[in-house]
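Colleague: I am new to this structure and would like a close look at a single part of it. Please take one chain and go through what it touches.

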Amino acid sequence: MTRQVLLTGNAAAAWGARLSSADYIPAFPITPQTEIIETLSEWINNGEMDSHLTMFESEHSMITAAGSAATAGVRVFTATSSQGLMFGMEMIFALPGWRVPFVLVNVSRGLASPITLECDHNDILAARDSGCIQIHCSTCQEILDSVIIGYKISENKEIRLPVIVNLDGFYLSFTREAVEIPEHHEVSQYLGEYNQMNDHYSSSAPQARGLIVLGGSQYSYFRYQAHLANLKALDVYKEAAEEFAIQFGRNYSVIESYRTDDAEYCFIMIGSFSTKAKSAVDHLRSEGLKIGLIRPRLIRPFPSEELNILLSGIKGAAVIDQNISFGKGGILYTEITSALYGAHGSYPVTGSFIGGLGGRDITIDEFIVIAGEMREYTKKGIQPRTRLLFTGDELE
Amino acid sequence: MFRIRFHGRGGEGIKTASRILGSSFFFEGFQVQDAPKYGAERRGAPVSAYVRADHKQIYERGEIHKPDLIIIADETLLHVTRNTVLEGIYENTVIFIISAMSNSELEEIINCGKTIIKIAPAVLPENYHRFLSSITASATARFTGIIQIDSLIRGVEEELKSAKNDLILENTAIAKKIFNDMTSYSGIVTETDGTPVITEPQLIDLPLHNSSIATPAIRTGSTSVKNQTGSWRTSRPVILQEKCSRCMLCNVYCPDSAITKNEEGFPVIDYNHCKGCLICREVCPSGAITQEDEKTSRSKTV
Amino acid sequence: MSEGLIKNIKDLSVEHNLAPGTSMCAGCGALETVKLFCDILGKNTVFVNAAGCMTLLAIYPFTPFSGSWLYTAMASASAGAQGIRDALDILIKKGRLSASEDLKVIVLTGDGSAYGMGLSATSAAIDRDLDFYYLCYDNEGYGNTGHQDSAATPYGARTATSASGAGFTGRKKDLFSIWAAHKPAYLATIIAAEPLDLAHKVEKAMTIKGPKMFITLAPCPTGWHYEPHQTVSIGKLAVKTGIWPLKEFKDGTVTHTKVLKERVPVEEYLKLQGRFEHLFVPEKNPALINRIQTTVDQYWKDV
C-alpha cells in the first residue's frame with residue numbers, strides 16, 4: 001500500500017535514503033539541509049531505520065568519510081548545501097576517480113559573498129566538472145524518487161560514480177507537498193541487494209585505493225574513463241527511469257518537456273521555479289502563444305542529443321539561469337547553446353536571463369515579459385544580450 | 001638548435017648542471033629552455049634534465065626525444081635504465097660519460113650515436129661527486145664550441161650563489177680545468193635543424209572499461225617488490241659472514257625491508273632493492289658490514 | 001615493562017609485512033617506523049593516508065603493504081578512517097563481513113597534516129572515540145615539497161622557507177599535549193631508533209580500544225641534510241639529548257618511558273645535521289645552542 005502524505009523536500013530526501021536502505025550516513029548540519037539529517041537521526045534513534053549516522057566536524061571530512069565508507073562496501077547517503085558543498089569540493093572532485101557509488105543530496109543555496117541562506121544554483125553548478133552525476137528536481141515527489149533512482153545509477157557496474165540529487169533551498173526544502181511514499185520492500189526490489197563489487201577491504205582481500213599515478217598517460221586514461229562512465233550514465237539513467245516508471249508509475253525522462261509538441265517558443269530552466277514557468281506557459285498558451293518548457297533533469301551527463309531533438313522545431317528560446325558565472329553569464333545558457341552549436345538543422349534564437357539569485361522570486365509577470373522579449377529577438381534573428389531580472393523598484 | 005639531455009641521480013646536481021649550462025648559453029645571447037624532470041623518486045633515484053638553446057625563440061617544449069648530446073653523470077645508469085638514458089639517440093648524438101669502463105666496453109654497451117667522450121673518475125678529484133654539476137656543465141659548454149669560459153664561469157657562480165664561498169671557488173676551479181681539458185672536443189656537438197621530425201600518432205577511441213580496472217586501484221598486496229630500487233645505489237653494503245654475530249640489528253633498522261635471514265641465520269642483503277643508505281653498516285655492532293663502491297661491485301659480479 | 005610478546009630485539013620479526021621497492025629516500029626514518037608498525041600490527045590492516053612523503057609509498061600499480069591502503073586528502077585522513085571503521089562495523093553487525101576479516105584502521109600522516117591541516121579532523125575523531133591508530137611521522141617540515149617550515153619545525157632549524165639567518169624563529173608545536181588534552185585511550189611518542197620502546201608501546205595499544213595516537217620523530221636525510229646512514233645514530237641522539245622525550249599518555253597520566261640520568265648535550269645532536277650547521281659554522285653560536293639546550297633542560301626539569 002503506497003501512502004500519500006505531505007512532506008517537505010528535506011523530508012522527501014530523507015525518505016529516499018530510508019527507502020533505499022542506506023547503511024551509513026556521514027552528516028554535518030547546514031541551513032537549509034539540516035532537517036534531512038535530523039529526520040534520519042530520529043528514525044535511526046527510534047529504530048525505524050537500520051542505519052548508522054556519524055556526525056562530522058566539517059563537510060570536507062563528511063564527504064571524505066562518505067567516499068571512504070563506499071570503498072569499504074556500504075551504501076552511503078549524505079547531504080549538504082552551499083558553503084558546505086564548497087568546503088567539501090576537494091573530495092567532490094576526488095571521489096569520482098575512486099569510482100565509488102553513493103548519493104549526496106545538495107540543497108541549493110546561494111554562495112557567499114554576500115552571505116545568503118536562500119536559493120540559487122551556483123553551489124551545485126560549481127560541482128559541474130567534478131565527475132559526479134547531477135539530477136535536478138522540481139517537486140518534493142521528484143526528490144524522493146530521484147534519490148532512489150540515484151542509487152540505481154550510481155551502483156550500476158559500469159558507472160560506479162557518486163550521484164548528487166539537487167533540490168532548491170526553501171522553495172523545496174521547507175515546502176510541503178503531497179508525496180507518495182513507496183513501500184520499502186518495493187524499493188528494495190527495485191534497487192536489488194547492495195553489490196559491493198570491488199569495493200571492500202578485508203584481511204583476505206587487500207586493496208590499495210585512491211592511488212597516485214605517475215605520468216600523463218595513466219592520468220589521462222583514468223580521467224577519461226570517469227568521463228566515459230559519466231556519459232554512459234545517460235543510457236543507464238533511461239533504463240533505470242523506465243524500470244521505475246513501470247514499478248512506481250512515475251515517469252522521469254532525462255529532460256522534462258511541457259507542452260513543447262507544437263511549440264514555437266520555450267523556456268529552458270532547471271529546479272523548482274520551472275513549475276512557475278509551467279503556469280506561465282499555460283497562461284501564454286491561453287493567449288495563443290505556442291510556448292512550452294524544457295527542463296533538463298540531468299546536467300551531468302548532459303543530454304545534448306535529447307535537447308537537440310526537443311528544440312528541433314523551436315524558433316526562439318529563453319534560458320533562465322539561477323546562477324551566474326562572473327565574466328561570462330548564465331552557466332546553463334552556456335551549456336545549452338554549446339550543445340546546440342553545430343547540430344544538424346536549425347536551432348532557436350536563444351536569449352539568456354539571469355534571475356532568482358539568492359532566493360529572489362521570479363514572478364509569473366516576469367515570465368510573460370521574457371516571452372515578449374523572446375518573440376522580439378526571435379523575429380530579429382539576433383541572440384540578445386544577457387538580461388538580469390531586476391526592476392527599478394529593487395534599486396530603491 | 002642545441003638539444004642536450006642530462007642523466008644522473010637525485011642529489012647529484014643534475015638539475016644544477018642543466019641550469020649552469022642554460023645560464024651559460026643565455027649569457028652568450030642564446031634563447032634557452034632548461035628544466036629538470038621530476039618523478040616521485042628521491043635522492044639516489046635516476047633523474048634527468050634538459051637544455052635547449054637556439055638563436056630564436058624556442059617553441060618546442062618538454063622532454064627531448066632526439067638529443068644532440070647525452071650526458072651520463074653516473075655510469076651505473078647504463079646498466080639499470082639504459083633505454084631511458086639512450087632514448088632517441090641517433091647518428092649525430094654525442095655521448096659524454098664519467099666512467100671507469102674502457103672505451104671498448106662503453107662502445108659495446110652504447111653501440112650507437114656519433115662519439116663517446118669519456119672522463120675516467122681516476123683523473124678527477126676523489127670527491128668529484130660534489131662537483132658533478134660543474135664538471136658536466138663545463139665539459140658540455142666546451143663541446144658546443146660556442147660558450148666562452150667567461151659565460152661558463154658566470155653560469156657556475158650564478159647557479160651556486162646560495163652556496164658557501166669556498167664551494168663556489170672549488171666549483172669554478174674545476175669548471176675551468178675541465179673546460180681546458182676538453183679543448184680538443186670544442187665544437188663536436190653541432191646545432192641541428194629546429195624542424196621537428198613528424199611521425200603521425202595513431203589516435204584511438206578509448207572504450208569504456210570495467211569500472212574496477214578503470215580506477216587506480218591495486219587488488220592485491222606487496223606489489224612494490226617489482227620496483228627494483230637497487231638501481232638507486234651508488235655504494236653497497238657487503239656483509240662479512242666471518243665477522244657477523246647474526247644479531248640481525250641490520251634487519252631491524254633497514255628502512256627498506258631489504259635484508260633477509262638465510263637458513264644459517266645470517267643476514268642477506270637484497271641488492272635488487274637495497275638503496276645503499278648504509279644504515280646497516282652504521283648499526284652493525286661487530287663491524288661485519290663494509291661499504292663498496294657500486295661500480296666496482298658491479299664489474300666484479302658482471 | 002612489556003606485557004607483550006616482544007621482550008628483546010631478537011623478538012622483532014625478521015620477516016617484514018612491508019615490502020621493499022618503495023620510492024622513499026634512502027635512509028628514510030619514517031619508513032623505518034612504518035616497517036616496524038606493520039610488523040607488530042600484522043597484516044590485517046588498512047592504512048588511511050594524507051598528503052605527505054608517505055603518499056608515495058603506494059604508486060599505482062605498486063604497493064608495499066600486505067594489507068590495504070586508501071589515500072584520502074591532506075586534511076581528512078582521520079575522517080577517512082572514521083568512514084572505513086564505521087563501514088567495517090556496519091558490515092560485521094549486519095552479517096555481511098565475517099568478524100575474522102576485520103581490519104585495524106591506521107591513519108598515516110606527516111607532521112604537515114597532523115600538526116596543521118589535519119588537526120581538526122583528528123581532534124574530531126578522538127572526540128568520537130574512534131577505534132583507530134594514528135601514526136604521525138614527524139620529520140619537522142613539509143618534507144615532500146622540499147622541507148619548508150611546518151608547525152613541527154624546531155627553533156633554529158633551517159628549512160627551505162627559513163633558509164638564512166638563525167633559521168626557523170618559531171617554536172615546535174606541542175602536538176602530544178594537544179592530543180593528550182583530548183584524552184585519547186592511548187598516546188605515545190616513539191622513534192624507530194628505539195625499536196623496543198616502540199614495540200612495547202604498539203603492543204600495549206593493541207590491547208586498547210579507542211584512539212591510539214603515535215608521534216614518531218622521523219629523521220630525514222634529505223630535509224635535515226645529513227648522510228642517509230646516520231638516520232639511526234641521529235635518532236638515538238634525539239633521545240639521549242632529551243630533545244625527543246619518549247613518553248606515553250594513558251588514563252590521564254603522562255609517563256616517560258626513557259628517563260636518562262645524564263643527558264648528552266644537544267650540541268651532539270645538532271652538529272650532525274646540515275639544517276643546524278649555521279649554529280657551528282663559520283663560528284659557533286653559543287647563544288642559539290644554549291637557547292635550544294635551555295628549552296630541553298626546562299622540559300626535563302618539569303618532568
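Modeller: What follows is an account of chain B and its contacts with chain C and chain A.

This is a predicted model, in which local features need pLDDT of at least 70 and side-chain atom pairs count only at pLDDT 80 or more, while totals for chains, interfaces and linings use all residues. Residues are numbered from 1 along each chain as its sequence is written, chains are lettered from A and ligands numbered from 1 in the order in which they are written, and side-chain values use heavy atoms, with hydrogens and water left out.

Take chain C to begin with. The contact (heavy atoms within 4.5 Å) involves 41 residues of chain B and 46 residues of chain C. The size of an interface is often given as the accessible area lost when the parts come together. Here the buried area (accessible area, 1.4 Å probe, that two parts lose on being put together, summed over both) is about 3400 Å², with 57% of it from carbon and sulfur atoms. Arg42(B), Arg43(B) and Tyr253(B) provide 21% of the area that chain B buries against chain C, more than any other three residues.

There is one salt bridge (a side-chain nitrogen of Lys or Arg within 4 Å of a carboxyl oxygen of Asp or Glu) between chain B and chain C. It joins the side chains of Lys164(B) and Glu277(C), at 3.5 Å from N to O. Polar contacts (a pair of N or O atoms within 3.5 Å; within protein, one must be able to donate a hydrogen and the other to accept it, and residues adjacent in sequence count only if both atoms are side-chain atoms) link 23 residue pairs across this interface, both residues at pLDDT 80 or more. By class, the side of chain B that touches chain C holds 18 nonpolar, eleven polar and twelve charged residues (nonpolar: Ala, Val, Leu, Ile, Met, Phe, Trp, Tyr, Cys and Pro; charged: Asp, Glu, Lys and Arg; polar: the others, Gly among them).

Now chain A. In this contact 16 residues of chain B meet 23 residues of chain A. The area buried between them is about 1700 Å², and carbon and sulfur atoms give 59% of it. In chain B, the residues that lose the most area to chain A are Leu206(B), Leu208(B) and Pro216(B), together 36% of what that side buries. Between chain B and chain A there are zero salt bridges, and nine residue pairs are in polar contact, both at pLDDT 80 or more. The side of chain B that touches chain A consists of nine nonpolar, six polar and one charged.
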